[in-house]
Amino acid sequence: MKIILVGASGDVGQAAFAELSQRHNVVRVGRNSGDVRADISDLGTIEAMFEKVGAFDALVSAAGHVHFAPLAEQTDTSLKMGLENKVMGQINLVLEGLKRIAGNGSFTLTSGVLDRDPVVAGTGAALANGALAGFVTGAAIEMPPGVRINVVSPGLLDVSDRRYGALFPGHARVSSERVGRAFAKCVEGAINGQVVIVE
């Protein structure tokens with residue numbers, strides 16, 4: 001299969017690439033690196049990315065940013081940043097990708113643990129993750145025949161512990177290998193409309 005992997009340079013993206021590239025042609029996409037450049041907060045670059053890549057069988061998104069801050073410091077602007085970037089960025093990948101995806105293709109998005117196991121200062125992430133779960137559940141019943149959509153929801157990756165571990169006290173770390181296999185389950189399997197939890 002030809003798979004578009006958006007956010008390929010991040011920890012989750014690298015886990016997905018390590019697994020999927022063993023069996024598939026993976027086109028890596030990133031803001032500042034990769035085979036193709038695109039910023040999911042910019043619809044124009046998403047459209048240009050699809051034009052450059054051409055026909056594809058599956059899209060995996062491991063991209064998106066949210067603002068971490070205590071609730072009392074969150075604002076309309078800071079919460080919208082996560083909704084516009086992590087949520088609408090990934091949704092726009094799906095909306096634009098539907099115009100080009102092969103029959104029997106799939107979309108796999110990425111959310112995270114914080115909508116089901118929250119931490120202090122993680123409200124923005126919890127909001128975005130919950131929105132993505134709702135989108136996938138709703139969109140699955142309206143996909144074209146044979147096309148599937150799922151979202152992988154991992155806990156904090158072991159490789160991310162050094163940078164982000166202080167934000168996740170008491171949370172179990174998950175292996176990159178297990179996260180990679182979750183993406184393989186979504187891309188190579190038959191599930192649809194599922195939140196695939198990795199913890």
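**Figure 1. Helix 1 in the predicted model is largely enclosed by the rest of the structure, because 7 of its 10 residues are buried.** The model shown in this and the following views is predicted. The buried residues of helix 1 are Asp11, Val12, Gly13, Ala15, Ala16, Glu19 and Leu20. The elements that cover these residues include strand 1, strand 2 (25–30), strand 4 and strand 5. Helix 5 (161–164) and helix 6 are also among them.

**Figure 2. Helix 1 and helix 6 cross at roughly 65°.** Their axes come within 8 Å, and the crossing is right-handed. On the side of helix 1, the contact is made by Val12, Ala15, Ala16, Glu19 and Leu20. On the side of helix 6, Ser176, Val179, Gly180, Arg181, Phe183, Ala184, Val187 and Glu188 take part. Sorted by class, this contact has 8 nonpolar, 2 polar and 3 charged residues. Val12, Ala15, Ala16, Glu19 and Leu20 of helix 1 are also listed among its buried residues.

**Figure 3. Helix 6 covers residues 176–188 and packs against several strands and a helix.** Helix 6 has 13 residues. From its first C-alpha to its last it reaches 18 Å, close to the 18 Å expected at 1.5 Å a residue. Ser176, Val179, Gly180, Ala182, Phe183, Ala184, Cys186 and Val187 are buried in this helix. The buried residues pack against strand 1 (2–6), strand 4 (56–61), strand 5 (101–110), strand 6 (148–154) and strand 7 (195–198). Helix 1 (11–20) is another of the elements they pack against.

**Figure 4. Thr108 in strand 5.** Thr108 has a relative accessible area of 0% and is therefore buried. Leaving out residues up to four places away in sequence, Thr108 touches Leu59, Val60, Ser61, Asn150 and Val152, among others. Its contacts also include Phe183, Cys186 and Val187, and these three are buried residues of helix 6.

**Figure 5. Helix 2 (residues 43–53) packs on helix 3 (residues 76–97) at an angle of about 40°.** The two axes are 10 Å apart. Helix 2 and helix 3 are therefore oblique to each other, and helix 2 passes helix 3 in a right-handed crossing. Helix 2 contributes Leu43, Ile46, Glu47, Met49 and Phe50 to the contact. Gly89, Asn92, Leu93, Glu96 and Gly97 meet them from helix 3. By class, the contact of these two helices has 5 nonpolar, 3 polar and 2 charged residues.

**Figure 6. Glu47 in helix 2.** The relative accessibility of Glu47 is 31%, so this residue counts as partly exposed. Apart from neighbours within four places in sequence, Glu47 is in contact with Glu96 and Arg100. Asn92 lies 45 residues from Glu47 along the chain, and the C-alpha atoms of the two are separated by 9.3 Å.

**Figure 7. Helix 3 and helix 4 (residues 123–140) pack with their axes 9 Å apart.** The angle between them is about 25°, and the two helices are therefore roughly parallel to each other. Their crossing is right-handed. From helix 3, Leu79, Gly82, Leu83, Lys86, Val87, Gln90, Ile91 and Val94 take part in the contact. They meet Gly124, Leu127, Ala128, Asn129, Ala131, Leu132 and Phe135 of helix 4. By class, there are 10 nonpolar, 4 polar and 1 charged residues in this contact.

**Figure 8. Val113 in the loop between strand 5 and helix 4.** Val113 has a relative accessibility of 6% and so counts as buried. Not counting residues up to four places away in sequence, Val113 touches Asn129, Ser153, Pro154, Gly155, Phe168, His171 and Glu199. Of these, Ser153 is 40 residues from Val113 in sequence, with the C-alpha atoms 6.0 Å apart in space.

**Figure 9. Asn104 and Ala121, two residues with positive phi.** Most residues other than glycine have a negative phi. Asn104 is not a glycine, yet its phi is positive, about 65°. Asn104 sits in strand 5 and is exposed, with a relative accessible area of 62%. Ala121 has a phi near 75° and is placed in the loop between strand 5 and helix 4. With 15% relative accessibility, Ala121 counts as buried.

Notes:
Residues numbered from 1 in each chain as written. Predicted model: local features only at pLDDT ≥ 70, side-chain atom pairs only at ≥ 80, totals over all residues. Heavy atoms only, no water. Helix = DSSP H or I, 4+ residues; strand = E, 2+ residues; numbered from the N terminus. Expected span 1.5 Å × (residues − 1). Buried < 20%, exposed > 50% of the residue type's maximum accessible area, 1.4 Å probe, protein only. Contact = heavy atoms within 4.5 Å. Axes fitted to C-alpha atoms, helices over the stretch in contact; angles between N-to-C directions. Parallel < 35°, antiparallel > 145°, perpendicular 65-115°, else oblique. Left-handed = near helix turned anticlockwise from the far one by under 90°. Nonpolar A, V, L, I, M, F, W, Y, C, P; charged D, E, K, R; others polar.
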